[in-house]
Amino acid sequence: MQYAILCYNDENAVASWTKEEDDACMARLAKVQGDMAAKGKMGPVARLLPTTSATTLRKSATGSMVIDGPFAETKEQFLGFYVVEADTLDEAIAFAKDLAVANPGIGAYELRPVSLFFPHTITAGSGAT
Amino acid sequence: MTDNAWIGAALAAARPQAVSALLRYFRQLDTAEEAFQEACLRAIRTWPDKGPPRDPIAWLIFVGRNSGVDAIRKSRRNVALPPEDLLSDLDDAEADMAERLDGEHYRDDILRLLFICCHPDLPANQQIALALRIVAGVPTAQIARAFLVRETAMEQRITRAKARIAANDTPFDPPDAVARQERLGTVALMLYLVFNEGYSRGHADPAAAQLCDEAIRLTRLLLQLFPAEPEIMGLCALMLLQHSRSPARTDANGQIVLLDAQDRTMWSRPMIAEGLALVDKALRHGTPGAYQVQAAIAAQHARALRAEGTDWAAIDHLYQILEVIQPSPVITLNRAVAVSKSRGPAAALALIAPLADQLDNYFHFHGVRGGLLRQLGNAAAARIAFNRAIALANSPAEAAHIRTHLDALSAPALPDPTAAAK
(Lines give C-alpha, C1' and ligand atoms only; values in the text may rest on other atoms or scores of the structure.)
Protein backbone atom coordinates (compact mmCIF):
# COMPACT_ATOMS: atom_id res chain seq x y z
CA MET A 1 0.00 0.00 0.00
CA GLN A 2 1.29 3.46 -0.87
CA TYR A 3 0.11 6.57 0.93
CA ALA A 4 0.23 10.16 -0.23
CA ILE A 5 0.87 12.38 2.76
CA LEU A 6 -0.40 15.89 2.24
CA CYS A 7 1.05 18.64 4.39
CA TYR A 8 -1.02 21.53 5.70
CA ASN A 9 0.17 24.48 7.78
CA ASP A 10 -0.20 28.27 8.08
CA GLU A 11 1.97 29.55 5.25
CA ASN A 12 2.32 32.98 6.86
CA ALA A 13 3.76 31.41 10.00
CA VAL A 14 6.12 29.25 7.94
CA ALA A 15 7.20 32.29 5.91
CA SER A 16 8.10 34.13 9.11
CA TRP A 17 10.60 31.47 10.17
CA THR A 18 14.16 32.75 10.03
CA LYS A 19 16.52 31.08 7.56
CA GLU A 20 18.15 29.25 10.48
CA GLU A 21 14.78 27.94 11.72
CA ASP A 22 13.80 26.86 8.21
CA ASP A 23 17.15 25.14 7.62
CA ALA A 24 16.90 23.37 10.97
CA CYS A 25 13.38 22.15 10.18
CA MET A 26 14.47 20.93 6.73
CA ALA A 27 17.41 19.10 8.30
CA ARG A 28 15.12 17.31 10.77
CA LEU A 29 12.71 16.39 7.96
CA ALA A 30 15.61 15.12 5.83
CA LYS A 31 16.55 12.79 8.68
CA VAL A 32 13.02 11.36 8.81
CA GLN A 33 12.96 10.99 5.01
CA GLY A 34 16.39 9.36 5.07
CA ASP A 35 15.18 6.67 7.46
CA MET A 36 12.25 5.84 5.17
CA ALA A 37 14.48 5.98 2.07
CA ALA A 38 16.92 3.51 3.65
CA LYS A 39 14.02 1.06 3.83
CA GLY A 40 13.19 1.67 0.16
CA LYS A 41 9.84 3.14 1.19
CA MET A 42 10.34 6.78 0.25
CA GLY A 43 8.65 8.21 -2.85
CA PRO A 44 8.91 11.71 -4.40
CA VAL A 45 8.83 14.67 -2.02
CA ALA A 46 7.89 18.20 -3.03
CA ARG A 47 7.77 21.45 -1.09
CA LEU A 48 5.49 24.03 -2.70
CA LEU A 49 5.95 27.80 -2.95
CA PRO A 50 3.34 30.15 -1.41
CA THR A 51 -0.28 30.06 -2.56
CA THR A 52 0.17 33.62 -3.85
CA SER A 53 2.19 32.17 -6.74
CA ALA A 54 -0.59 29.71 -7.62
CA THR A 55 -2.86 29.73 -10.66
CA THR A 56 -6.04 27.69 -10.93
CA LEU A 57 -7.57 26.12 -14.01
CA ARG A 58 -11.26 25.83 -13.21
CA LYS A 59 -13.25 23.31 -15.23
CA SER A 60 -16.90 23.68 -16.04
CA ALA A 61 -19.36 21.87 -18.22
CA THR A 62 -18.55 24.18 -21.13
CA GLY A 63 -14.78 24.47 -20.88
CA SER A 64 -12.06 25.73 -18.57
CA MET A 65 -11.04 29.10 -17.17
CA VAL A 66 -7.74 30.30 -15.71
CA ILE A 67 -8.03 32.27 -12.47
CA ASP A 68 -5.51 33.74 -10.03
CA GLY A 69 -4.77 32.34 -6.65
CA PRO A 70 -5.14 29.00 -4.98
CA PHE A 71 -8.03 26.64 -5.35
CA ALA A 72 -10.26 26.95 -2.27
CA GLU A 73 -13.49 25.04 -2.57
CA THR A 74 -14.32 22.89 0.43
CA LYS A 75 -16.91 20.76 -1.35
CA GLU A 76 -14.19 19.19 -3.50
CA GLN A 77 -11.35 17.12 -2.10
CA PHE A 78 -7.65 16.83 -2.89
CA LEU A 79 -7.51 13.70 -5.12
CA GLY A 80 -3.96 13.53 -6.41
CA PHE A 81 -1.07 15.50 -7.81
CA TYR A 82 1.47 15.64 -10.65
CA VAL A 83 4.94 17.13 -10.75
CA VAL A 84 5.91 18.30 -14.26
CA GLU A 85 8.70 20.38 -15.78
CA ALA A 86 7.38 23.49 -17.57
CA ASP A 87 9.39 26.45 -18.84
CA THR A 88 6.49 28.85 -18.48
CA LEU A 89 3.15 29.05 -16.73
CA ASP A 90 1.49 28.81 -20.15
CA GLU A 91 3.12 25.44 -20.74
CA ALA A 92 1.91 24.18 -17.36
CA ILE A 93 -1.59 25.49 -18.08
CA ALA A 94 -1.59 23.72 -21.47
CA PHE A 95 -0.76 20.45 -19.70
CA ALA A 96 -3.51 21.00 -17.12
CA LYS A 97 -5.97 21.72 -19.94
CA ASP A 98 -5.11 18.38 -21.52
CA LEU A 99 -5.72 16.71 -18.16
CA ALA A 100 -9.01 18.57 -17.88
CA VAL A 101 -10.11 17.29 -21.27
CA ALA A 102 -9.08 13.72 -20.45
CA ASN A 103 -10.82 13.82 -17.09
CA PRO A 104 -14.64 13.83 -17.13
CA GLY A 105 -16.82 16.21 -15.15
CA ILE A 106 -15.98 19.45 -13.41
CA GLY A 107 -13.27 20.22 -10.85
CA ALA A 108 -10.09 22.27 -10.78
CA TYR A 109 -6.32 22.04 -11.06
CA GLU A 110 -4.14 24.24 -8.89
CA LEU A 111 -0.75 25.01 -10.45
CA ARG A 112 1.86 25.76 -7.80
CA PRO A 113 5.59 26.22 -8.44
CA VAL A 114 7.74 23.73 -6.54
CA SER A 115 10.41 24.91 -4.13
CA LEU A 116 12.18 21.62 -3.39
CA PHE A 117 11.85 18.24 -5.09
CA PHE A 118 13.43 14.91 -4.13
CA PRO A 119 12.56 12.15 -6.62
CA HIS A 120 13.15 9.16 -4.35
CA THR A 121 11.98 5.82 -5.76
CA ILE A 122 10.05 3.28 -3.73
CA THR A 123 11.57 -0.20 -4.05
CA ALA A 124 9.77 -1.95 -1.20
CA GLY A 125 6.21 -3.30 -1.40
CA SER A 126 4.05 -4.04 -4.42
CA GLY A 127 2.81 -0.47 -4.76
CA ALA A 128 -0.49 0.85 -6.02
CA THR A 129 -1.59 -0.20 -9.44
CA MET B 1 12.40 24.81 16.59
CA THR B 2 11.18 24.81 20.19
CA ASP B 3 7.52 25.24 21.12
CA ASN B 4 8.16 28.81 22.10
CA ALA B 5 9.83 29.57 18.79
CA TRP B 6 6.77 28.12 17.06
CA ILE B 7 4.54 30.45 19.06
CA GLY B 8 6.80 33.37 18.19
CA ALA B 9 6.44 32.60 14.48
CA ALA B 10 2.65 32.25 14.81
CA LEU B 11 2.40 35.60 16.63
CA ALA B 12 4.60 37.30 14.04
CA ALA B 13 2.46 35.90 11.24
CA ALA B 14 -0.77 36.99 12.96
CA ARG B 15 0.44 40.49 13.76
CA PRO B 16 -0.63 42.45 10.64
CA GLN B 17 -4.17 41.04 10.65
CA ALA B 18 -4.59 41.28 14.43
CA VAL B 19 -3.21 44.81 14.89
CA SER B 20 -5.16 46.15 11.94
CA ALA B 21 -8.43 44.62 13.19
CA LEU B 22 -7.77 46.02 16.67
CA LEU B 23 -7.11 49.41 15.10
CA ARG B 24 -10.56 49.24 13.52
CA TYR B 25 -12.11 48.59 16.96
CA PHE B 26 -10.13 51.11 18.99
CA ARG B 27 -9.42 53.68 16.27
CA GLN B 28 -6.17 54.51 18.01
CA LEU B 29 -2.83 53.06 17.10
CA ASP B 30 -1.28 52.97 20.58
CA THR B 31 -4.30 51.25 22.10
CA ALA B 32 -4.39 48.70 19.29
CA GLU B 33 -0.69 47.94 19.67
CA GLU B 34 -0.91 47.62 23.45
CA ALA B 35 -3.95 45.37 23.15
CA PHE B 36 -2.05 43.14 20.73
CA GLN B 37 0.96 43.04 23.07
CA GLU B 38 -1.29 41.99 25.94
CA ALA B 39 -2.89 39.27 23.80
CA CYS B 40 0.58 38.00 22.84
CA LEU B 41 1.63 37.82 26.49
CA ARG B 42 -1.45 35.75 27.26
CA ALA B 43 -0.76 33.54 24.25
CA ILE B 44 2.78 32.87 25.47
CA ARG B 45 1.37 31.99 28.91
CA THR B 46 -1.49 29.74 27.80
CA TRP B 47 -0.64 28.22 24.40
CA PRO B 48 2.23 25.98 25.58
CA ASP B 49 -0.15 24.19 28.02
CA LYS B 50 -3.46 24.30 26.20
CA GLY B 51 -2.04 24.06 22.69
CA PRO B 52 -2.55 26.73 20.03
CA PRO B 53 -6.12 27.76 19.21
CA ARG B 54 -7.66 26.63 15.92
CA ASP B 55 -7.64 30.18 14.59
CA PRO B 56 -4.77 32.06 16.27
CA ILE B 57 -5.64 35.37 14.60
CA ALA B 58 -9.26 35.35 15.80
CA TRP B 59 -8.06 34.35 19.28
CA LEU B 60 -5.57 37.24 19.43
CA ILE B 61 -8.13 39.77 18.23
CA PHE B 62 -10.72 38.51 20.69
CA VAL B 63 -8.35 38.55 23.67
CA GLY B 64 -6.73 41.82 22.57
CA ARG B 65 -10.09 43.51 22.21
CA ASN B 66 -11.17 42.52 25.72
CA SER B 67 -7.91 43.59 27.31
CA GLY B 68 -7.93 46.86 25.40
CA VAL B 69 -11.41 47.68 26.66
CA ASP B 70 -10.34 46.81 30.21
CA ALA B 71 -7.35 49.11 29.89
CA ILE B 72 -9.50 51.97 28.66
CA ARG B 73 -11.94 51.51 31.56
CA LYS B 74 -9.17 51.32 34.15
CA SER B 75 -7.36 54.37 32.85
CA ARG B 76 -10.39 56.50 33.84
CA ARG B 77 -9.16 59.19 31.56
CA ASN B 78 -11.61 61.08 29.46
CA VAL B 79 -10.94 58.95 26.46
CA ALA B 80 -13.88 58.84 24.14
CA LEU B 81 -14.93 55.23 23.76
CA PRO B 82 -15.52 53.85 20.32
CA PRO B 83 -19.13 53.77 19.14
CA GLU B 84 -21.31 51.50 21.26
CA ASP B 85 -22.13 49.15 18.40
CA LEU B 86 -18.46 48.20 18.16
CA LEU B 87 -18.28 47.34 21.84
CA SER B 88 -21.67 45.80 22.48
CA ASP B 89 -20.69 42.34 21.33
CA LEU B 90 -17.70 41.87 23.60
CA ASP B 91 -19.13 38.73 25.14
CA ASP B 92 -19.75 37.11 21.81
CA ALA B 93 -18.51 33.61 21.28
CA GLU B 94 -15.25 33.18 19.44
CA ALA B 95 -17.08 31.50 16.57
CA ASP B 96 -19.09 34.63 15.91
CA MET B 97 -15.88 36.60 16.17
CA ALA B 98 -14.23 34.51 13.51
CA GLU B 99 -17.25 34.87 11.28
CA ARG B 100 -17.02 38.64 11.49
CA LEU B 101 -13.40 38.54 10.43
CA ASP B 102 -14.22 37.80 6.85
CA GLY B 103 -11.77 38.41 4.07
CA GLU B 104 -13.26 41.72 3.05
CA HIS B 105 -12.60 43.18 6.51
CA TYR B 106 -9.07 41.84 6.68
CA ARG B 107 -8.32 43.30 3.31
CA ASP B 108 -9.33 46.83 4.15
CA ASP B 109 -8.01 46.62 7.72
CA ILE B 110 -4.51 45.67 6.67
CA LEU B 111 -4.51 48.03 3.73
CA ARG B 112 -5.57 50.83 6.10
CA LEU B 113 -2.81 50.00 8.57
CA LEU B 114 -0.21 50.05 5.80
CA PHE B 115 -1.77 53.12 4.25
CA ILE B 116 -1.62 55.26 7.41
CA CYS B 117 2.10 54.48 7.59
CA CYS B 118 2.42 56.12 4.16
CA HIS B 119 1.10 59.47 5.32
CA PRO B 120 2.31 62.09 2.82
CA ASP B 121 3.53 64.38 5.64
CA LEU B 122 6.04 61.72 6.69
CA PRO B 123 9.42 61.52 4.96
CA ALA B 124 10.04 58.21 3.21
CA ASN B 125 12.42 56.84 5.83
CA GLN B 126 9.84 57.50 8.58
CA GLN B 127 7.15 55.74 6.55
CA ILE B 128 9.43 52.75 6.22
CA ALA B 129 10.39 52.71 9.90
CA LEU B 130 6.75 52.97 10.95
CA ALA B 131 5.57 50.16 8.67
CA LEU B 132 8.38 47.90 9.87
CA ARG B 133 7.61 48.63 13.52
CA ILE B 134 3.81 48.62 13.46
CA VAL B 135 2.85 46.25 10.66
CA ALA B 136 5.77 43.83 10.50
CA GLY B 137 6.53 44.06 14.23
CA VAL B 138 10.29 44.40 13.73
CA PRO B 139 11.88 45.42 17.07
CA THR B 140 12.99 49.06 17.21
CA ALA B 141 16.59 48.06 17.95
CA GLN B 142 16.69 45.99 14.78
CA ILE B 143 15.22 48.81 12.65
CA ALA B 144 17.81 51.16 14.17
CA ARG B 145 20.63 48.79 13.18
CA ALA B 146 19.25 48.56 9.64
CA PHE B 147 19.21 52.35 9.34
CA LEU B 148 22.58 52.84 11.06
CA VAL B 149 21.17 55.05 13.84
CA ARG B 150 21.09 54.64 17.62
CA GLU B 151 18.08 52.89 19.10
CA THR B 152 16.99 55.97 21.05
CA ALA B 153 17.07 58.02 17.85
CA MET B 154 14.94 55.46 16.04
CA GLU B 155 12.56 55.30 19.02
CA GLN B 156 12.09 59.07 18.79
CA ARG B 157 11.63 58.93 15.04
CA ILE B 158 8.87 56.33 15.37
CA THR B 159 7.18 58.18 18.25
CA ARG B 160 7.18 61.42 16.25
CA ALA B 161 5.78 59.64 13.21
CA LYS B 162 3.00 58.09 15.29
CA ALA B 163 2.10 61.45 16.80
CA ARG B 164 1.91 62.87 13.28
CA ILE B 165 -0.51 60.14 12.28
CA ALA B 166 -2.62 60.44 15.45
CA ALA B 167 -3.07 64.15 14.76
CA ASN B 168 -4.58 63.32 11.40
CA ASP B 169 -7.93 61.78 10.73
CA THR B 170 -7.40 58.18 9.86
CA PRO B 171 -9.89 57.15 7.18
CA PHE B 172 -11.98 54.42 8.82
CA ASP B 173 -14.78 54.23 6.30
CA PRO B 174 -14.38 51.33 3.91
CA PRO B 175 -12.75 52.78 0.79
CA ASP B 176 -14.56 52.72 -2.53
CA ALA B 177 -12.97 50.92 -5.47
CA VAL B 178 -11.05 53.99 -6.68
CA ALA B 179 -9.75 54.90 -3.21
CA ARG B 180 -8.79 51.29 -2.59
CA GLN B 181 -6.77 51.24 -5.80
CA GLU B 182 -5.03 54.49 -4.83
CA ARG B 183 -4.18 53.12 -1.37
CA LEU B 184 -2.85 49.98 -2.95
CA GLY B 185 -0.54 52.01 -5.21
CA THR B 186 0.75 54.12 -2.31
CA VAL B 187 1.35 51.06 -0.14
CA ALA B 188 3.08 49.21 -3.00
CA LEU B 189 5.52 52.10 -3.45
CA MET B 190 6.27 52.17 0.29
CA LEU B 191 6.97 48.41 0.28
CA TYR B 192 9.23 48.90 -2.73
CA LEU B 193 11.13 51.57 -0.77
CA VAL B 194 11.55 49.16 2.16
CA PHE B 195 12.94 46.59 -0.24
CA ASN B 196 15.29 49.05 -1.96
CA GLU B 197 16.59 50.30 1.35
CA GLY B 198 17.60 46.73 2.12
CA TYR B 199 18.79 45.88 -1.37
CA SER B 200 20.94 48.96 -1.92
CA ARG B 201 22.88 48.48 1.32
CA GLY B 202 22.30 44.82 2.10
CA HIS B 203 25.43 43.59 0.32
CA ALA B 204 27.53 45.29 2.96
CA ASP B 205 25.20 45.12 5.94
CA PRO B 206 23.24 42.02 7.08
CA ALA B 207 20.94 44.19 9.25
CA ALA B 208 19.86 46.12 6.15
CA ALA B 209 19.51 42.91 4.15
CA GLN B 210 16.74 41.80 6.54
CA LEU B 211 14.60 44.66 5.24
CA CYS B 212 14.34 42.73 1.96
CA ASP B 213 12.85 39.73 3.76
CA GLU B 214 10.35 41.93 5.60
CA ALA B 215 9.35 43.72 2.38
CA ILE B 216 8.77 40.39 0.64
CA ARG B 217 6.75 39.09 3.59
CA LEU B 218 4.48 42.17 3.58
CA THR B 219 4.10 42.10 -0.20
CA ARG B 220 3.09 38.43 -0.12
CA LEU B 221 0.53 39.38 2.52
CA LEU B 222 -0.80 42.15 0.29
CA LEU B 223 -1.02 39.66 -2.57
CA GLN B 224 -3.03 37.24 -0.42
CA LEU B 225 -5.50 40.06 0.14
CA PHE B 226 -5.53 41.16 -3.51
CA PRO B 227 -4.76 37.92 -5.36
CA ALA B 228 -5.77 39.20 -8.80
CA GLU B 229 -3.76 42.48 -8.89
CA PRO B 230 -1.10 42.14 -11.61
CA GLU B 231 0.99 45.04 -10.30
CA ILE B 232 1.20 43.50 -6.81
CA MET B 233 2.21 40.20 -8.47
CA GLY B 234 4.82 42.17 -10.42
CA LEU B 235 6.12 43.91 -7.30
CA CYS B 236 6.38 40.62 -5.42
CA ALA B 237 8.13 38.99 -8.39
CA LEU B 238 10.53 41.93 -8.78
CA MET B 239 11.59 41.69 -5.14
CA LEU B 240 11.98 37.92 -5.24
CA LEU B 241 13.98 37.90 -8.48
CA GLN B 242 16.33 40.63 -7.30
CA HIS B 243 16.73 39.15 -3.84
CA SER B 244 17.46 35.71 -5.35
CA ARG B 245 20.84 37.08 -6.46
CA SER B 246 21.88 38.36 -3.03
CA PRO B 247 24.24 35.47 -2.16
CA ALA B 248 26.22 36.15 -5.38
CA ARG B 249 26.34 39.96 -5.25
CA THR B 250 29.54 40.29 -3.21
CA ASP B 251 32.80 38.37 -3.24
CA ALA B 252 34.75 37.13 -0.22
CA ASN B 253 36.30 40.61 0.21
CA GLY B 254 32.96 42.40 0.22
CA GLN B 255 33.48 43.76 -3.30
CA ILE B 256 30.47 44.11 -5.60
CA VAL B 257 30.18 41.39 -8.25
CA LEU B 258 28.32 42.58 -11.33
CA LEU B 259 25.49 40.56 -12.85
CA ASP B 260 27.68 39.33 -15.74
CA ALA B 261 30.29 37.93 -13.38
CA GLN B 262 28.03 36.45 -10.68
CA ASP B 263 28.11 32.73 -9.94
CA ARG B 264 24.55 31.92 -10.99
CA THR B 265 24.56 28.60 -9.15
CA MET B 266 24.46 30.72 -5.96
CA TRP B 267 21.15 32.34 -6.93
CA SER B 268 18.19 31.15 -4.87
CA ARG B 269 16.22 28.75 -7.12
CA PRO B 270 13.03 28.73 -4.99
CA MET B 271 12.87 32.55 -5.09
CA ILE B 272 13.39 32.47 -8.85
CA ALA B 273 10.69 29.81 -9.31
CA GLU B 274 8.21 31.87 -7.29
CA GLY B 275 9.20 35.08 -9.08
CA LEU B 276 8.90 33.58 -12.56
CA ALA B 277 5.50 32.06 -11.75
CA LEU B 278 4.29 35.47 -10.57
CA VAL B 279 5.61 37.28 -13.66
CA ASP B 280 3.85 34.77 -15.92
CA LYS B 281 0.64 35.11 -13.90
CA ALA B 282 0.77 38.90 -14.05
CA LEU B 283 1.48 39.12 -17.78
CA ARG B 284 -1.56 36.96 -18.56
CA HIS B 285 -3.71 39.87 -17.40
CA GLY B 286 -2.53 41.97 -20.32
CA THR B 287 -2.41 45.19 -18.26
CA PRO B 288 1.29 46.07 -18.08
CA GLY B 289 2.58 48.27 -15.27
CA ALA B 290 5.97 49.47 -14.10
CA TYR B 291 6.51 46.72 -11.52
CA GLN B 292 5.47 44.00 -13.95
CA VAL B 293 7.84 45.21 -16.66
CA GLN B 294 10.74 45.57 -14.22
CA ALA B 295 9.98 42.07 -12.96
CA ALA B 296 9.89 40.80 -16.56
CA ILE B 297 13.37 42.31 -17.08
CA ALA B 298 14.64 40.63 -13.90
CA ALA B 299 13.02 37.40 -15.15
CA GLN B 300 15.08 37.55 -18.36
CA HIS B 301 18.24 37.53 -16.26
CA ALA B 302 16.88 34.79 -13.98
CA ARG B 303 16.05 32.56 -16.95
CA ALA B 304 19.59 32.80 -18.37
CA LEU B 305 21.66 30.05 -16.79
CA ARG B 306 24.83 31.78 -17.99
CA ALA B 307 25.42 35.50 -18.58
CA GLU B 308 26.15 34.84 -22.29
CA GLY B 309 22.69 33.30 -22.63
CA THR B 310 20.90 36.56 -21.71
CA ASP B 311 18.32 37.73 -24.27
CA TRP B 312 19.46 41.36 -24.44
CA ALA B 313 17.16 42.19 -27.34
CA ALA B 314 14.16 41.16 -25.21
CA ILE B 315 15.49 43.27 -22.32
CA ASP B 316 15.96 46.26 -24.66
CA HIS B 317 12.34 45.79 -25.79
CA LEU B 318 11.06 45.63 -22.19
CA TYR B 319 12.98 48.82 -21.30
CA GLN B 320 11.33 50.55 -24.24
CA ILE B 321 7.94 49.61 -22.77
CA LEU B 322 9.09 50.88 -19.38
CA GLU B 323 10.22 54.17 -20.96
CA VAL B 324 6.64 54.67 -22.16
CA ILE B 325 5.01 53.73 -18.84
CA GLN B 326 7.46 55.62 -16.66
CA PRO B 327 9.71 57.96 -18.69
CA SER B 328 12.98 58.62 -16.86
CA PRO B 329 16.60 59.21 -17.91
CA VAL B 330 17.70 56.47 -15.50
CA ILE B 331 15.55 53.94 -17.36
CA THR B 332 17.07 55.05 -20.67
CA LEU B 333 20.49 54.63 -19.10
CA ASN B 334 19.59 51.08 -18.11
CA ARG B 335 18.29 50.43 -21.60
CA ALA B 336 21.66 51.59 -22.95
CA VAL B 337 23.33 48.66 -21.19
CA ALA B 338 20.98 46.25 -22.99
CA VAL B 339 21.56 48.10 -26.29
CA SER B 340 25.35 47.86 -25.90
CA LYS B 341 25.01 44.08 -25.58
CA SER B 342 22.59 43.60 -28.47
CA ARG B 343 23.67 46.38 -30.89
CA GLY B 344 27.11 47.42 -29.69
CA PRO B 345 28.68 50.24 -27.62
CA ALA B 346 28.38 52.95 -30.32
CA ALA B 347 24.58 52.62 -30.45
CA ALA B 348 24.42 52.68 -26.64
CA LEU B 349 26.64 55.77 -26.44
CA ALA B 350 24.40 57.57 -28.94
CA LEU B 351 21.36 56.64 -26.82
CA ILE B 352 22.75 58.19 -23.62
CA ALA B 353 24.40 61.24 -25.20
CA PRO B 354 21.23 63.38 -24.73
CA LEU B 355 21.15 62.47 -21.01
CA ALA B 356 24.51 64.11 -20.19
CA ASP B 357 22.99 67.24 -18.63
CA GLN B 358 20.27 65.52 -16.62
CA LEU B 359 22.50 62.77 -15.24
CA ASP B 360 25.73 64.73 -14.81
CA ASN B 361 25.71 64.11 -11.03
CA TYR B 362 24.71 60.47 -11.28
CA PHE B 363 27.35 57.87 -10.45
CA HIS B 364 25.99 55.15 -12.72
CA PHE B 365 25.81 57.46 -15.76
CA HIS B 366 29.55 58.06 -15.72
CA GLY B 367 30.29 54.44 -14.87
CA VAL B 368 28.25 53.17 -17.83
CA ARG B 369 29.61 55.85 -20.15
CA GLY B 370 33.19 55.03 -19.15
CA GLY B 371 32.55 51.36 -19.85
CA LEU B 372 31.14 52.11 -23.31
CA LEU B 373 34.04 54.44 -24.19
CA ARG B 374 36.50 51.78 -23.09
CA GLN B 375 34.82 49.21 -25.33
CA LEU B 376 35.17 51.67 -28.23
CA GLY B 377 38.91 51.99 -27.50
CA ASN B 378 38.69 55.59 -26.32
CA ALA B 379 40.81 55.13 -23.18
CA ALA B 380 41.37 58.81 -22.47
CA ALA B 381 37.67 59.69 -22.46
CA ALA B 382 36.91 56.52 -20.50
CA ARG B 383 39.43 57.56 -17.86
CA ILE B 384 37.76 60.96 -17.43
CA ALA B 385 34.33 59.32 -17.11
CA PHE B 386 35.57 56.75 -14.59
CA ASN B 387 37.24 59.45 -12.48
CA ARG B 388 34.01 61.41 -12.47
CA ALA B 389 32.14 58.26 -11.38
CA ILE B 390 34.56 57.68 -8.49
CA ALA B 391 34.00 61.26 -7.33
CA LEU B 392 30.23 60.58 -7.27
CA ALA B 393 30.36 57.07 -5.76
CA ASN B 394 27.81 56.37 -3.02
CA SER B 395 29.89 53.80 -1.20
CA PRO B 396 33.52 52.66 -0.95
CA ALA B 397 32.52 49.43 -2.71
CA GLU B 398 31.20 51.39 -5.72
CA ALA B 399 34.37 53.45 -5.90
CA ALA B 400 36.56 50.36 -5.60
CA HIS B 401 34.65 48.73 -8.40
CA ILE B 402 35.24 51.64 -10.79
CA ARG B 403 38.90 51.69 -9.79
CA THR B 404 39.27 48.14 -11.12
CA HIS B 405 38.04 49.47 -14.49
CA LEU B 406 40.60 52.26 -14.33
CA ASP B 407 43.35 49.77 -13.58
CA ALA B 408 42.22 47.62 -16.50
CA LEU B 409 42.50 50.68 -18.76
CA SER B 410 46.21 50.97 -18.01
CA ALA B 411 46.91 47.28 -18.43
CA PRO B 412 46.62 46.50 -22.16
CA ALA B 413 48.91 48.15 -24.71
CA LEU B 414 47.15 51.25 -26.02
CA PRO B 415 46.86 51.56 -29.78
CA ASP B 416 47.85 55.23 -29.70
CA PRO B 417 50.27 56.25 -26.90
CA THR B 418 49.57 59.95 -27.42
CA ALA B 419 45.87 59.42 -26.66
CA ALA B 420 46.70 58.22 -23.15
CA ALA B 421 48.92 61.21 -22.49
CA LYS B 422 46.20 63.76 -23.18
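## Chain A

Of the 129 residues in chain A, 17% are buried. The model described here is a predicted one. Chain A contains three helices and five strands, and from the N terminus on its elements follow the order α-α-β-β-β-α-β-β.

Taken along the principal axes, the box filled by the C-alpha atoms of chain A is roughly 45 × 40 × 30 Å. When contacts in chain A between residues at least 6 apart in sequence are considered, 72% of them join residues at least 24 apart.

## The contact between chains A and B

Chain B contributes 21 residues to the contact, and chain A contributes 23 residues. On the side of chain B that touches chain A, at least two residues each are supplied by helix 1 (3-26), helix 11 (206-225) and helix 13 (269-283) of chain B. Helix 13 of chain B provides the largest share of this side, with seven residues.

Divided by class, the side of chain B that touches chain A comprises 14 nonpolar, one polar and six charged residues.

## Helix 17 of chain B

Helix 17 of chain B spans residues 345-352, and its buried residues include B:A348, B:L351 and B:I352. These residues lie on the same side of helix 17 of chain B, because they cover an arc of only 85° around the axis.

What covers the buried residues of helix 17 of chain B? Helix 16 (329-343) and helix 18 (363-375) of chain B are included in the cover.

## Helices 18 and 19 of chain B

Two packed helices are described by the angle between their axes and the distance between the axes. For helix 18 of chain B and helix 19 (residues 379-392) of chain B, the angle is about 160° and the axes are 8 Å apart. Helix 18 of chain B is therefore roughly antiparallel to helix 19 of chain B, since angles over 145 degrees count as such. The crossing in which helix 18 of chain B passes helix 19 of chain B is left-handed.

In this packing, B:F363, B:H366, B:G367, B:R369, B:G370, B:L373 and B:R374 of helix 18 of chain B meet residues of helix 19 of chain B, namely B:A379, B:A381, B:A382, B:A385, B:F386, B:R388, B:A389 and B:L392. By class, the residues of the contact of helix 18 with helix 19 of chain B are nine nonpolar, three polar and three charged.

Note on methods
Residues numbered from 1 in each chain as written. Chains lettered and ligands numbered in written order. Predicted model: local features only at pLDDT ≥ 70, side-chain atom pairs only at ≥ 80, totals over all residues. Buried ≥ 20, exposed ≤ 12 C-beta atoms within 10 Å, placed from the backbone. Helix = DSSP H or I, 4+ residues; strand = E, 2+ residues; numbered from the N terminus. Arc of directions from axis to C-beta. Contact = placed C-beta atoms within 7 Å. Nonpolar A, V, L, I, M, F, W, Y, C, P; charged D, E, K, R; others polar. Axes fitted to C-alpha atoms, helices over the stretch in contact; angles between N-to-C directions. Parallel < 35°, antiparallel > 145°, perpendicular 65-115°, else oblique. Left-handed = near helix turned anticlockwise from the far one by under 90°.
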